[in-house]
There are 2 protein chains.
Amino acid sequence: MVYNIGIFGATGKVGTELIKVLYHRKYPIKNLRLFASEKSAGNVIDTPGGEIKVENADNADFRGIDIAFFAISGEWSKKFTKKAVKENCTVIDNSSAFRYDKNVPLVIPEINSHTIKDNKLIANPNCTTAIAILPLNVIYKNFGIKKIIMSSYQAASGAGAKGMEELENSTRDYLNGNPVMPKAFQHSIAFNLIPQIDIFMENGYTKEEMKVVWETRKILECEKIDISATCVRIPTFRAHAMAVTVETEQEIDLDDYRNLLNEAAGINLVDNPQKSLYPMPITSTGIYNVEVGRIRHSNIFGKNGVDFFVCGDQLLKGAALNAVQIAEALL
Amino acid sequence: MVYNIGIFGATGKVGTELIKVLYHRKYPIKNLRLFASEKSAGNVIDTPGGEIKVENADNADFRGIDIAFFAISGEWSKKFTKKAVKENCTVIDNSSAFRYDKNVPLVIPEINSHTIKDNKLIANPNCTTAIAILPLNVIYKNFGIKKIIMSSYQAASGAGAKGMEELENSTRDYLNGNPVMPKAFQHSIAFNLIPQIDIFMENGYTKEEMKVVWETRKILECEKIDISATCVRIPTFRAHAMAVTVETEQEIDLDDYRNLLNEAAGINLVDNPQKSLYPMPITSTGIYNVEVGRIRHSNIFGKNGVDFFVCGDQLLKGAALNAVQIAEALL
């Protein structure tokens with residue numbers, strides 16, 4: 001069986017990675033069509049399957065497309081999903097538009113591909129959640145989880161190509177003594193950090209922080225886990241990291257946890273502090289697996305707790321890779 | 001009363017700030033002498049009090065010096081403290097050499113200057129602790145503290161002048177496509193983060209992380225607070241930030257906490273999320289007060305918990321300013 005694939009938002013950072021990952025993982029493509037906003041329509045993109053002319057996403061009729069990856073915006077997804085599904089197209093949506101709809105599966109294939117069933121709309125989780133949940137799932141399944149406290153170190157790529165360009169350009173400007181004008185972020189990101197990602201909610205958390213709460217609970221299918229996240233943008237390019245403290249239901253043996261991580265899909269155990277080996281953006285960028293390390297019993301929760309550090313490529317497991325893995329689960 | 005002052009390590013980043021802060025705060029200086037390693041001895045430093053020739057610290061006899069600031073290294077402090085104190089010199093030590101000695105006061109003047117008494121040796125806390133403990137002390141004194149979970153975002157200045165230079169040079173190298181060779185840090189810091197500061201301990205925490213535990217308890221004079229820290233180096237120049245989750249003894253009203261922070265010495269309340277105002281390195285660099293914001297009830301501990309973000313200049317409150325404040329408390 002081979003499939004007709006459509007990528008919507010093909011000229012963005014996630015779209016670009018989607019093309020690469022589909023070919024790299026030898027997805028059974030019959031025909032690949034690329035769509036983007038009117039501005040980019042008509043451009044020709046060189047793919048491993050040959051040159052492809054970009055079509056205007058707003059004019060898509062979805063006829064003949066078996067699987068559509070949506071990576072434009074939540075607004076766009078809301079507008080076009082019904083039309084796509086009506087044409088019998090399966091939509092894998094990278095936006096947050098449908099993630100909290102109880103009828104829409106939110107899928108990390110290593111964890112809950114069983115929720116896909118015959119749904120024609122599948123939501124791809126937020127990048128922070130997608131990366132942190134792999135080591136969290138290992139804890140949840142084997143030791144149970146009561147509480148999660150997480151602080152993130154999030155890369156510029158979370159704001160797309162314009163975020164990465166702004167990090168590079170504003171850093172150059174700063175080093176050359178030129179004024180730095182933020183556009184993609186609320187403040188200059190050059191040699192700075194910004195403790196705000198997405199808008200603020202009434203409870204004082206940002207929406208990004210609450211996404212971690214809502215999505216972690218939905219994917220683990222457990223509403224009673226208490227979660228507090230602080231999401232911070234830092235001046236790195238494309239790998240997100242999180243420092244995580246977990247209170248477990250049962251005692252957690254650290255060697256057991258390390259062995260389970262070693263066996264788990266999607267995870268590289270990088271935990272050799274004496275050799276200064278631990279997860280970092282420079283080692284986790286461009287790879288599919290997320291890195292997990294700095295594993296220790298928590299000073300707070302003792303043997304019923306574990307602290308760890310996780311780092312993963314925001315554009316891969318945090319976006320394009322997970323979306324392609326969902327498409328693979330459809331095969 | 002005016003005092004003869006000696007700065008040991010005067011050519012380093014902390015020493016440079018000590019000179020600036022002493023003059024800026026109009027410390028009653030009779031005579032200022034500057035000391036550094038043999039390599040820098042003989043150099044002339046231009047200070048607000050005139051040009052001063054740097055002396056070799058290893059040859060110091062401490063005679064006639066009333067107050068000595070030690071900012072060379074733990075080893076150096078261990079070697080020379082006894083000699084200085086014998087000459088009736090009061091030592092304010094920036095190293096970790098004596099911080100955990102129960103006979104040596106570890107002082108944040110806003111909190112525990114009463115512990116100085118007639119001690120001739122006073123320890124200056126670790127930079128991470130010094131910055132985070134100001135808002136923590138307000139919680140501790142008014143609501144009590146059971147647990148603290150903290151993740152840090154620490155600047156290159158924690159590794160001194162060579163750390164800051166390496167951040168700048170390695171960032172330029174990276175942007176110019178040149179190979180980056182780390183020296184001051186375990187790995188390249190350019191567009192990266194490193195979840196290791198100082199050496200690893202047997203319990204899997206780093207010494208930097210355990211310093212936060214030991215010093216926070218000592219300064220607050222409460223051994224029973226549970227504390228877990230994760231300390232991470234990020235590519236910023238000289239302001240440290242921390243995301244902090246606290247479980248309190250009593251219910252904490254957020255407006256009460258904000259009002260108390262507003263009244264507290266050494267703190268700027270920067271907590272207007274709707275205007276994207278919160279603590280950041282670019283706003284807290286070069287200022288004496290630490291910035292506190294992102295205040296919210298914790299999803300984990302409800303009304304008996306608070307999450308906040310704090311950012312402060314590592315070279316000022318994290319080092320030189322606090323040392324000068326200790327000297328002011330001696331007046």
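Predicted model: local features only at pLDDT ≥ 70, side-chain atom pairs only at ≥ 80, totals over all residues.

Visitor: Ok, which residues of H5(B) are buried?
Guide: B:Gly163, B:Met164, B:Glu166, B:Leu167, B:Ser170, B:Thr171 and B:Tyr174.

Visitor: And where do those fall, seen down the axis of H5(B)?
Guide: Within an arc of 160°, so the buried residues line one face of the helix. As background, an α-helix has 3.6 residues a turn, so residues three or four places apart point the same way.

Visitor: What do the buried residues of H5(B) pack against?
Guide: Two helices: H5 (160-175) of chain A, together with H1 (13-24) of chain B.

Visitor: What happens just after H5(B)?
Guide: B:Gly177 takes a positive phi there, about 75°.

Visitor: Switching topic: in what sense do strands S3 and S4 of chain B pair?
Guide: Antiparallel, over 4 bridges, with S3 covering residues 44-47 and S4 covering residues 50-53.

Visitor: How many residues does the hairpin between S3(B) and S4(B) run through?
Guide: The hairpin joins them through 2 residues.

Visitor: And which residue in S4(B) does B:Asp46 stand opposite?
Guide: That's B:Glu51.

Visitor: Last one, what are the scores on the model?
Guide: ipTM is 0.97 and pTM is 0.97. For chain A, the mean pLDDT is 97, with 100% of its residues at 70 or more.

Conventions. Residues numbered from 1 in each chain as written. Chains lettered and ligands numbered in written order. pLDDT = per-residue confidence, 0-100. Pairing = 2+ DSSP bridges. Buried ≥ 20, exposed ≤ 12 C-beta atoms within 10 Å, placed from the backbone. Arc of directions from axis to C-beta. Contact = placed C-beta atoms within 7 Å.
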